[in-house]
Amino acid sequence: MITTLLLLVFTTSVVIGKEQSSTMFSSNIDVSDNCKTAVQRLTALQATQPQLLAHYWDSWGKPSDSILTGHTTFLGYYDECINLKNTELGDMSYCLYAMAMDMNIIQSTSESPDGVCHTSDCPTQVNTSTKFNVRVGVCYPSACSASEFALVLSKMNITNIISMTTDPFSGTTNSVNIKVHSVSDSPAFCPVTDVEYDTGAVAVIVVCVVLVGLVVLGTTLDVVLWQFSSPKVAPDVVEESEKLLLGKDNIKENKICLKPIVVPYKYIKNKSEQPAMKDFFWHFLLAFSLYKTIPSLLMRQRPSALKALGAMKIFSNFAIVALHLFYITLVLFLDTSHNSYLLDLMKRIELQPMINVTFAVECFFVVSATLSSYLTLKDMEKFKKFRFVYFYLNRFFRLSPMFYLFTLIAYKLSARFGQGPLWYSLDAETCVNSWWYNVLYITNIKKILDICILVTWHVAVEMQLFLFSPVFILLLYRSELVGLIAVGAAMIGATAAVGYAAATNGYRAAILYNPDVLQQISYLHCQTFYRINSYLTGIVLGYILYKKYNLANLPIAKWLKQSMYMLLWMVAIVLCTVTVLAPYFEYSFAYHYSNFENTVILMFSGLAWSIGIAIIIYICNTGYGGMVNSFLSWPGWEPLVKLTYGVALCHEMVIFFIVGTLQSGLKYTDTVFAMLLVFTMVLSYSVSAVAAICVELPISKIVSLCFKLAGIEARSK
């Protein structure tokens with residue numbers, strides 16, 4: 001009943017303003033004749049089809065609760081608007097319009113005998129008046145352009161009474177009245193609709209269909225060979241994938257025991273044989289077989305000497321996805337200039353690891369550099385040289401297929417994934433001019449909102465750091481002292497560069513206090529020099545693990561060794577905690593860091609965090625990790641570790657899909673955010689799994705096969 005009353009009040013007040021439509025069109029509103037006719041036909045429905053008109057007004061967004069805390073986006077009902085095309089109203093469009101509103105709290109005192117306040121005999125007093133900006137979902141005839149209907153809105157008398165209460169004892173009536181006093185000249189946002197499939201989109205679809213077809217064909221071929229090939233007895237050498245298929249009970253020390261197992265020839269592996277070029281086509285197809293990709297996805301392939309790395313990547317990935325979802329929902333649904341609610345969130349200590357999640361990216365760089373350094377040093381030990389061609393080609397083919405595929409999908413298909421009041425593909429616009437930055441791995445030189453797949457700047461930074469990493473790895477391998485001096489000099493230079501950029505541009509440790517937060521993200525946090533320290537920390541850690549430097553081997557008492565490891569734990573915890581909570585003091589205690597303090601924090605926080613993470617990894621790999629190591633090294637993390645790269649590439653599109661297809665407004669609460677986060681993670685990992693099975697793992701096998709054909713031996717694991 002209350003909803004109906006509010007709808008009628010809202011509808012009546014707007015229609016009153018439109019009864020003068022002919023006069024407004026002739027004198028004040030410069031719109032097309034088709035637009036005039038459509039709006040006049042809409043107005044005439046009040047007399048002929050009031051129910052249809054009620055549906056039209058019902059689809060509009062309307063002010064509700066929590067306005068003063070910043071919840072100022074009112075979507076209305078998108079589907080109800082679009083479905084009006086099946087009525088005599090014809091095609092309808094939907095846009096969000098920015099409106100400036102006044103909220104007046106009006107108090108009326110009744111003096112009449114019946115205790116009811118009548119306008120003629122009750123004095124009225126306006127107690128308060130508050131101005132605020134909102135975004136309202138508006139349904140309008142498609143005959144009008146979005147800018148034309150903005151002119152129509154500016155002439156409407158839009159008033160909404162959102163609450164009315166009467167004190168039964170005193171007869172005092174309080175009403176909250178909202179009135180629009182101005183409308184923006186153009187809509188704040190219009191969702192993307194009816195995107196046509198151009199040649200590029202069709203080509204990307206064809207590529208995706210071909211990849212799926214190869215999976216089906218490879219799996220079918222695998223099944224056929226299994227069923228109809230002549231069986232042979234499995235030899236002594238059985239690879240890990242075959243162990244999984246044959247069963248652990250039938251394998252002991254790489255030899256068949258208990259009874260002979262007969263398997264098709266395709267499962268017989270002789271590591272001394274090189275694949276023949278004439279069989280390349282069959283190997284190529286079988287690389288896409290689910291019987292090969294799924295076991296590769298599920299099995300542990302991480303070097304046994306390195307522990308805890310995978311779980312750190314998973315948790316860092318989780319924090320990054322949570323942060324992006326957090327900020328996107330705030331920007332879309334919350335007036336971020338309305339600080340009362342936003343600052344309350346910033347003051348919550350439990351949210352600091354997510355708000356200051358830039359350190360999670362540092363963890364990615366530490367882990368990546370550690371693996372690269374460790375495996376490269378092992379490779380050099382085996383082959384007595386640095387294999388430059390293999391080093392760079394292996395990395396390129398590891399990252400590029402997935403990166404390029406998601407770039408194509410973002411560019412040509414992302415705008416076609418769905419529809420809704422907030423449906424928008426940032427990538428479809430930015431990729432038009434910046435897709436080739438992705439191809440060259442230089443996306444981080446552009447401003448963050450101009451990047452094709454804006455969350456993938458770290459892929460470019462990592463590739464750039466990887467290109468120069470052999471300099472430090474070779475120096476450490478040839479001379480430990482010279483290598484450490486080179487690393488130290490590079491760290492000093494990078495730290496000085498960060499300090500100069502922070503001091504001259506006024507960058508803030510509490511980044512949300514920066515009026516131009518996007519500038520700081522673009523020109524500091526996304527730049528290679530800002531991440532050098534974390535990457536070099538990982539290179540040094542990889543070298544330490546390769547050399548097997550272990551405090552446990554020192555000729556000192558056991559209690560002293562344990563004390564040293566306890567001290568390392570304390571240092572790691574302090575470094576990580578201080579770096580994460582440094583901005584918290586500014587958010588929570590209204591203490592504003594000076595430019596010097598901000599500069600110092602930005603200069604050393606990334607390095608401090610990286611060292612803390614490196615210490616934890618080192619402890620876990622030297623036997624003193626305890627329960628932490630058991631948790632971080634749990635084999636069950638391995639499948640998720642292999643999907644983190646795909647999640648990093650696709651989660652932005654997943655978030656825009658989820659948020660863009662919401663049909664009604666969203667108010668931020670911890671429960672709502674948690675549900676959205678779980679759904680985002682599940683969908684992102686699902687997309688990543690499909691991409692890994694169809695692209696990443698098959699191409700990895702094909703590249704390994706090509707290396708073998710070229711006589712290039714893979715590096716040791």
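Two residues are said to be in contact when heavy atoms of theirs lie within 4.5 Å. Residues are numbered from 1 along each chain as its sequence is written. The model is predicted, so that local features need pLDDT of at least 70 and side-chain atom pairs count only at pLDDT 80 or more, while totals for chains, interfaces and linings use all residues, and side-chain values use heavy atoms, with hydrogens and water left out.

The pLDDT, which is the predictor's confidence in each residue on a scale from 0 to 100, has a mean of 80 over the protein, and 80% of the residues reach 70 or more. Among the helices and strands (DSSP runs numbered from the N terminus, with at least four residues in state H or I for a helix and at least two in state E for a strand), confidence is lowest in helix H1 (residues 2-18), at a mean of 35, and highest in helix H18 (residues 480-505), at 96. Over residues 1-27 the pLDDT is below 50, although this stretch has 42 contacts in the model beyond near neighbours in sequence. Where pLDDT is low, the predicted coordinates should not be read in detail.

Turning to the interior, a nonpolar core is a set of buried Ala, Val, Leu, Ile, Met, Phe, Trp, Tyr and Cys residues joined through side-chain atoms within 4.5 Å, where buried means under 20% relative accessible area, exposed over 50%, and partly exposed in between (1.4 Å probe, protein chains only). The largest such core has 179 residues, and those with the most contacts inside it include Tyr-56, Trp-60 and Met-99; its largest share, 14 residues, comes from helix H14 (residues 358-383). Leaving aside neighbours within four places in sequence, Met-99 is in contact with residues including Phe-132, Asn-133, Leu-153 and Val-180.

Asn-177 lies in strand S5 (residues 172-183) and is buried, with a relative accessible area of 16%; its C-alpha atom is separated by 8.0 Å from that of Asp-102, 75 residues apart along the chain. Asn-629, in helix H23 (residues 626-632), is buried with a relative accessible area of 13%, and, not counting residues up to four places away in sequence, Asn-629 touches Lys-307 and Cys-620.
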